[in-house]
Amino acid sequence: MPTSVQAKPRRLGAILGLLAFAQMIIAIDYNIMFVALPDIGSDLGFSAQNLQWVISAYSVAFGGFLLLGGRATDLFGRKNMFLFGLFLYAASSIAGGLATDSWLLVAARVVQGLGGAFLAPATLSLVTTLFAEGTERNRALAVWGGAGGFGMVLGAILGGILTDALGWQAVMWVNVLCAGAAMAYGLTALPTTAKANATGFDLPGAVTGTVASTLLVFTLVNGPEAGWGSATTVGSLIAAVVMFAIFLTIESKTRAPMMPLRLFSNRNVSVGTTITFLFMATFGAYAYFLTQYWQVVQGYSAWATGFAFLLPSGCVLIGTVAAGKLMNSYGARKTLLIALTVGLVGTVALALTLTQDSSYAVIAAPLVVLSLGQGVIFTAMFAASTTGVANEDQGIGSGIATTGQQIGGAVGLAVLIAIAASAAGGDGATDPAKLTDGILTATWATAAGIALTFLATLALKKPSATQVAEAAAAPAEPAAAADPITVTAPVTERV
């Protein structure tokens, strides 16, 4: 029978720092591009309708290839896929920074999305396998999620400063430096990780699953621009449904599926993925409208917009760090319900105070409340969705949860843009008053989506009384405070 050798990395705290840094790279890239969009559009000749593809090309590739990236992480080693994802990030960022035409930048963003599709599940599965489920993992996820919140802060600030000082190309060079540094350290710092004991690679499942996911995300992203009734939109949607049906048939029959359907018998996986989907469709998509509000309605520069994001992004950071302690005290389910309530209150308050002439001070308090809830949810939803998943399936489990996140972002942005455009009217993109009406309507729609997420969270499995008691009795020091953390994780190849 195959056995696995168990070992502990000597510097687990430093490794957690590396994994958190990788998460920060993904978060920086998300916010930094939003702030740079207006300059990118004018410099490379994007139309108002096509500019969203700077964001959407990344989302389509990221969301479409996540299942493949997650399963590849299990089969070929988490360390290998971690380094491969960073390499794609760095190489595509070089190409994007040198782009002189709109299509070149979009192509670079596609490859960057591919890098994210391998890096995100590798990073998350390394956290969830190196740290024992429960208190240790909650603390580690809080550090990991906190790095994401810090990345959002840093991305917003760097996006404004670099775009104004050096041009939009500078926002791409940041990825080159960060990803290169992470690769160099990861080569020696990361342990060689276990590979799943699978009989082979599910090539038919990989192809059909990736094509189906990509077509679905493309449909959702392209629908608002091309029209929901257009031949392209309808055709890609039908093709996505057909490919998903073929994919599920293959997965139910093959001996070594890319996405084991048995994972969905774990209620935390199925409900947790729904939560990640709804989270990004609401909280995650709203950054687009804040950028529009500050730059188009209020007339902020890119630099000023970056600093406007500082307050909400900083509160997201605080929320992600606080989530670990909250989960240890109340469990992931109750923590999510509390945080969703806080986020809903903040979103409703923002909708009640947002006008064309609202000063930053007026909307600051609602943004603080909304963002604190957002930060806690970000950490807690991944803890919930990976609970009860075996180590050898953590890569695909993380990939499933992150797929829900990425597709949710594409769906939410497409739906909210359509809602805002309908409320704003034909010239809403240039008329500040009408654009404000559209943003306000999108804010109320976001609040409705958060309420729906609350209802979905009620379906998460409640922790047992024993689990709650053990979590409450656990020591409270941070996971990354010392290197010799007591964990038992497979870190060498199966023999």
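Which residues does Leu86 touch, not counting residues up to four places away in sequence? In this predicted model, the set consists of Ile25, Leu119, Ala179, Ala182 and Met183. Leu86 belongs to helix α3, which spans residues 78-97. The relative accessible area of Leu86 is 0%, and this residue is therefore classed as buried, the limit being under 20%.

When neighbours within four places in sequence are left aside, Ser213 is in contact with Gly63, Gly64, Leu67 and Phe244. The C-alpha atom of Ser213 is separated by 7.2 Å from that of Phe65, although the two residues are 148 residues apart along the chain.

The largest nonpolar core comprises 107 residues. Within this core, the residues with the most contacts are Ile40, Phe82, Leu105 and Phe289. The greatest contribution comes from helix α1 (residues 12-44), which supplies 19 residues. Another core, of 9 residues, lies apart from the largest one; its members include Ala57, Leu220, Val221 and Val411.

For Phe289, the contacts beyond four places in sequence are with Leu416, Ile417, Ala420, Ile439 and Ala442.

Technical notes:
Residues numbered from 1 in each chain as written. Predicted model: local features only at pLDDT ≥ 70, side-chain atom pairs only at ≥ 80, totals over all residues. Heavy atoms only, no water. Core = buried A, V, L, I, M, F, W, Y, C linked by side-chain atoms within 4.5 Å. Buried < 20%, exposed > 50% of the residue type's maximum accessible area, 1.4 Å probe, protein only. Helix = DSSP H or I, 4+ residues; strand = E, 2+ residues; numbered from the N terminus. Contact = heavy atoms within 4.5 Å.
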